[in-house]
Amino acid sequence: MLQKQTSIRSADAVNGTYNQLAADVLARAKDCGATEADIVVADGETFSLQVRVGAVDRLTKAREKRLGLRVFVGKRSATTSTSDFSRESLERLVSETCTLAKAVVEDPVSGLPDASQMAQDWPDLDLYDGTILSTETQIEWAKRGEAAAFAADSRVTNSEGAEFDSSSGRVVLANSHGFVGSYKSSSYSLSVSPIATEPETGAMQRDAWYEVQRKFSRLASAESIGQEAARRAVRRLGARKVATKRVPVVFDQETAGSLLANLCSAVSGYGLYKRASFLLDQLGQTIASNLITVYDDGRMAGGLGSRPFDGEGLATSKNTIVERGVLKSYLLDTYSGKKLGLSSTGNASRSVGESPSVGPTNFYLLPGVKSPQDIIGSVKEGLYVTDLIGFGINMVTGDYSRGACGFWIENGELTYPVEEITIAGNLKEMFKHIEMVGSDLVFRGRIASPTVKITEMMVAGN
Amino acid sequence: MADQVQLATFGVTELEAQHALDRLSVRDVDYADLYFESRVSESVSMEEGLVKRASKSISQGVGVRAIAGEKTGFAYSDELTKKDLEIAADTARYIANSPKGDRAVPVPAQRRPTRDLYPVERAQAEAATPDRVALLNEIDAEARRYDSRIKNVMASFNTEYKVVAVATSDGTLVGDVQPLSRLQITCIAEENGNRQVGSYGGGGRVGFEWYREENRHLGYAREAAREAILNLSAVDAPAGVMPLVLAGGWPGILLHEAIGHGLEADFNRKKTSAFSNLIGKRVASDVCTIVDDGTLPFRRGSLNMDDEGTPTGCTTLIEKGVLRGYITDKLNARLMGIALTGNGRRESYQSVVLPRMTNTFMLAGESDPQDIVRSVKKGLYAVSFGGGQVDITNGKFVFSASEAYLIEDGKITTPVKGATLIGNGPEILTKVSMVGHDLKLDNGIGTCGKDGQSVPVGVGLPTLKIDEITVGGTQG
């Protein structure tokens, strides 16, 4: 079966598709006893360039490819992957996958989605940019970004560097129902990480700013990214601890985005059916303040989380997750959906070599009407959080305790920077006590949020 | 076993490797290497009493690197033909700005690692799938038997069998076989709508039989169940500054975050670490001596050689409170003019080498652990942790407790919910007033992330008292 594939493979490589390879592997799996199977093939090119203090620090370039196979032998299933596409290797992989599947127990819920559910056609989501950048151009971008950070403020004295990354690739998904889909995507990003030093004490602070776009032409200027990075590093200088107290907490876009990521995990099917989420059995219930409306939209043109079909070949769509505080939908793939007695929401996420899990597409909080200044202005005494560290989140209980830094708010104004403090609460309560939502939604990744204000949290410091 | 690794394993001849190194070694290149890696990873996992997932992943490739001054050129390929090696070499030496191949490097002398810290038969390292399935089934039964309030058990058993060979422009050709495995168990306990989680696990560069020795796997299952049940009665954690007693073993994550990362040479060469320029200075109380030791047999963080072919060692980081040294890779040791410590590590052939920790721990002190607890009037006793993180530049670090208790009048009393602890790296160990005589290393569950690269590490700690740290609970 795979005999054919070796000769076809070079043709595949020329026109950049792996459709025939996928078909051959699926046929081989059937011969080995698989009742159903699906295959993912991904290949791509990556380029990464780091500049530090004006000179090239690291240049990385590669092409890579990987194939992932999932087979079902009746209700038993196993998943494998390899980067070796030679005939012998693939034949061995297929047979090993079937052997593995026979070693695990039957899972009545397992299987591909129904053939009738597979995506039929899909729009071009504008995810790919064919622009090829020269090495010199990419070096230039990173150098300009870092130089702008140094030029922005004399207190920027050092740098962890600036990094320009570009990548492009293709994903092919095929299954034994006859579904074959593929799409190309690309990304371009620049990040700048300057270090600012306090002239009097020599104390250092690092911060960073970045941007990622699917199209090179949409990237903000290197200078604007470098300047913002410098502003963020310099404003942390002189940070101190504050006394332990309960106060209102305002999360900026980045840190509010992390709260939304916590919400995303809590409504993901796998945690729910394992009873490992703090939002069990809450469909149709109020889980957040009525200011909260959350969408997951897989079809946003050019979106960093967009994909025409999900990791099982189901069409993506725009789903309402939370509407004015009421939980309307979980994020599900076929398996976790069946476990919960629900249909897939088209959120199967598939990394080559693993069975599907659930992931967001473009998951975001609908912006409100208040400007961030209005929100900060509403706080008599409180905390404006700009960075969070650590993993102190218990998804089973919602208990939340993380290291934070930011600014102390007094009488509606940001006063001095603060650090070495923690903020703590419980996510169930925190979402219900979001009392203001900003108008400043910007997509900087697949999960995005405007500024939000939580009525009260415990801030621990001195 | 390690001495059997030949380039032929990767389908490459020594001559091809030599040509690629020659091609890399242009005028401005100070050092170049080729890192060949093949890795087979397998995983089985269980939930709801069923072992229903199994997976296997195979990868092979080469990472090609050229260093000129501070500059690194790096390329990798999952194809290992002569042509792919040449393309990678030409890409990597781009940073040197000089024409190709104008000098020949010494022919690498095939070298054998001087020891084998983890002699594990391949069949033992990659146990048969039915044996792994049986192991997980026994774990599920044990955890549920521990307490009927345990409602779900999630367990996974992962193995990795990695074969590497490093050919360098400084004349080394050396290989290693690096088995690694890990068992991880999470239990969910439920009672009257209160649901809590408990986790436990262990592993190392060990064979499958290790997990069954003295029913180690069942002990892990009971520990995960115990933690989940315990947390059913946990009260809200306190907030504010208080004394902290850390139990031995895994709480050594404190050292990893507070000290370890800040002493990695790259940050110090770039002077971006809160520890820059502190060599010879006091950064801890004199009861603290901390080492990074990659030579402990069968340990998760141990290596016969690092990923540049340098034998690992035991590096004293802090001696009686005084900062002694950094951990280094070849690039940083050369540029800083300091000793090479064998800490150059990479996640895979697809990633660049960085100075990384191996097993980082504090040596035993003289205090009786019970006396340490007795010395605290009101404080926190933390036994287990989730993860931690550090900001290298300002030194602020966090680590989050998953099992902790109040200490009241010298006694361990009520369990408290998880809370994040936060402190300042260069300062926190100056507040260590007592170190127990009970050094324990962790069970082999740690994975360290840096620059997006994950590598297995170990930590260890004796019972320890910190006079004050900020505890991030909710109760003021």
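Q: Which residues of helix H1 of chain B are called buried in this predicted model, and what makes them so?
A: In H1 (residues 14-24) of chain B, the buried residues are Ala17(B), Ala20(B), Leu21(B), Arg23(B) and Leu24(B). A residue is called buried if 20 or more other C-beta atoms lie within 10 Å of its own, so each of these residues meets that cut-off.

Q: What makes strand E2 of chain A and E3(B) a pair?
A: Two strands pair if DSSP finds at least two bridges between them; strand E2 (residues 55-73) of chain A and E3(B) have five bridges, in the parallel sense, and therefore count as paired. Lys61(A) has Ala75(B) as its bridge partner in E3(B).

Q: How many residues does each chain bring to the contact between chain A and chain B?
A: Chain B brings 64 residues and chain A brings 60. On the side of chain B that touches chain A, E2(B) gives the most, with twelve residues. By class, that side of chain B has 21 nonpolar, 30 polar and 13 charged residues.

Q: Which domains does the assignment give for chain B, and how far apart are their C-alpha centres?
A: The assignment gives domain 1 (2-232) and domain 2 (239-472) of chain B, with C-alpha centres 23 Å apart. Their contact takes 39 residues from domain 1 and 28 residues from domain 2.

Technical notes. Residues are numbered from 1 along each chain as its sequence is written. Chains are lettered from A and ligands numbered from 1 in the order in which they are written. This is a predicted model: local features need pLDDT of at least 70, side-chain atom pairs count only at pLDDT 80 or more; totals for chains, interfaces and linings use all residues. A residue is buried if 20 or more other C-beta atoms lie within 10 Å of its own, exposed if 12 or fewer, and partly exposed in between; C-beta atoms are placed from the backbone. Helices (H or I, at least four residues) and strands (E, at least two) are DSSP runs, numbered from the N terminus. Domain bounds come from an automatic or database domain assignment. Two residues are in contact if their C-beta atoms, placed from the backbone, lie within 7 Å. Ala, Val, Leu, Ile, Met, Phe, Trp, Tyr, Cys and Pro count as nonpolar, Asp, Glu, Lys and Arg as charged, and the others, Gly among them, as polar.
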